[in-house]
Amino acid sequence: MKITMLGKIRLLILSLTSCLFVGCAVNPITGEEELMFISENQDVEIGRKYAPEIEKQLGGKIDDASLQDYIDSVGQRIARISHRPNWEYHFTAVEHKMINAIALPGGYIFVTKGMLEKLTTEAQLAALLAHEIVHVTARHSSAAISRQMGLSFLLFGATAAGAKIPQEAGLALQLIGLKYSRENERMADVAGLDYMVVAGYNPYGAVELHQMLQKQDKVRPAEFLSSHPSPKNRIISLNARIQTRYGGLEGLRIGKNAYRSAVLDRLPDIENPSPDKLDHLNNQ
Ligand SMILES: [Zn+2]
């Protein structure tokens, strides 16, 4: 969509006035004030409204209550120690083959079957969910909507007031395709690492997750590799942070057997169970 100069000025005015009405949000992770078009209540409204459509676009929910409960339990464990422990979080595994994870505003997080098949431990799943939870708690999706969806946002505003949105599916696709900034991605990696350790997980799960994603470079998963810090740099900085902050920690959970029986063994058309090359440690 082309935005004319007049359009830009209008958006700027809108952003300034919105700031007065909606308020500038304080990012709980950085403690800094940010311009935010969308209120926290609207976060939840957007998430609740679009989650069913996005679930549909991603091939529907994987029909396995036990698998869903497991993904949810890992996610909730991390969400409870996050910067926004009292929000409601929803974790859903969906059928899509692409390797991806999506965080909607308001705590709706989706993980694809393509992604689940590539993971080998609960700590790797925890790393993935912790990264997505940071996008929620730091409201990166809301910021990306403000930034990228431009005037469509007005429609969200209208939804909040009870008006009808005709192009729901189109907007759902736009939400799936939202891109985070480089700084957002860096924060999700760093704070996600802290979240997973506080929740009791071995932080090398995050390194392994990015090593796996690095190998998928050709597939270009939308969330992790579409842009920004190169996988190689992310792995270097994760390793550095683990060594300086968490080097002495032992006994943190890896959960290889747990992940196998709760997820991998339950996915019927898994092609070749991945060899355990990625594991840093000989775990249980
Ligand atoms: Zn991300």
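A: Two residues are taken to be in contact if their C-beta atoms, placed from the backbone, lie within 7 Å. With that in hand, this predicted model can be read feature by feature.

Q: Which residues of α9 meet which residues of α12?

A: From α9, the residues D189, V190, L193 and V197 take part; they meet R234, L238, R241 and Y246 of α12. By class, this contact between α9 and α12 comprises 5 nonpolar, no polar and 3 charged residues.

Q: What describes two packed helices?

A: The angle between the axes of the helices and the distance between those axes describe the packing. Here, helix α9 (residues 182–198) packs with helix α12 (residues 231–246) at an angle of about 45°, and their axes are 11 Å apart. The two helices are therefore oblique to each other. The crossing of α9 and α12 is right-handed.

Q: In what order do the strands of the open sheet stand?

A: The order is β3-β5-β4, with 3 strands and mixed pairing. β3 (90–94) and β4 (101–104) each have a single partner strand and stand at the edges, so one side of each lacks a neighbour in the sheet. From one strand to the next, the twist averages 15°.

Q: How many bridges join β4 to β5, and how many pair β3 with β5?

A: β4 and strand β5 (residues 108–112) run antiparallel and are joined by 4 bridges. β3 and β5, by contrast, pair in the parallel sense over 5 bridges; V94 has T112 of β5 as its bridge partner.

Q: What do β4 and β5 form?

A: These strands form a hairpin, with 3 residues between them. In the turn, G106 has a positive phi of about 85°.

Q: Which residues lie on each side of β5?

A: In a regular strand, side chains alternate between the two faces of the sheet. In β5, one side carries Y108, F110 and T112, the other I109 and V111, and all are buried, leaving both faces covered. Since 5 of the 5 residues of β5 are buried, the strand is largely enclosed by the rest of the structure. In the protein, buried residues make up 41% of the 284 residues.

Q: Where does helix α2 lie?

A: Helix α2 (residues 40–57) lies across β3, β4 and β5, and runs at about 150° to β4. Helix α5 (residues 122–137) also packs on the sheet and touches β3, β4 and β5, with its direction at about 25° to that of β4.

Terms used. Residues are numbered from 1 along each chain as its sequence is written. This is a predicted model: local features need pLDDT of at least 70, side-chain atom pairs count only at pLDDT 80 or more; totals for chains, interfaces and linings use all residues. A residue is buried if 20 or more other C-beta atoms lie within 10 Å of its own, exposed if 12 or fewer, and partly exposed in between; C-beta atoms are placed from the backbone. Two strands pair if DSSP finds at least two bridges between them. Axes are lines fitted to C-alpha atoms, for helices over the stretch in contact, and angles run from 0 to 180 degrees between N-to-C directions. Angles under 35 degrees count as roughly parallel, over 145 as roughly antiparallel, 65 to 115 as roughly perpendicular and the rest as oblique. A crossing is left-handed if the near helix is turned anticlockwise from the far one by less than a right angle, and right-handed if clockwise. Ala, Val, Leu, Ile, Met, Phe, Trp, Tyr, Cys and Pro count as nonpolar, Asp, Glu, Lys and Arg as charged, and the others, Gly among them, as polar.
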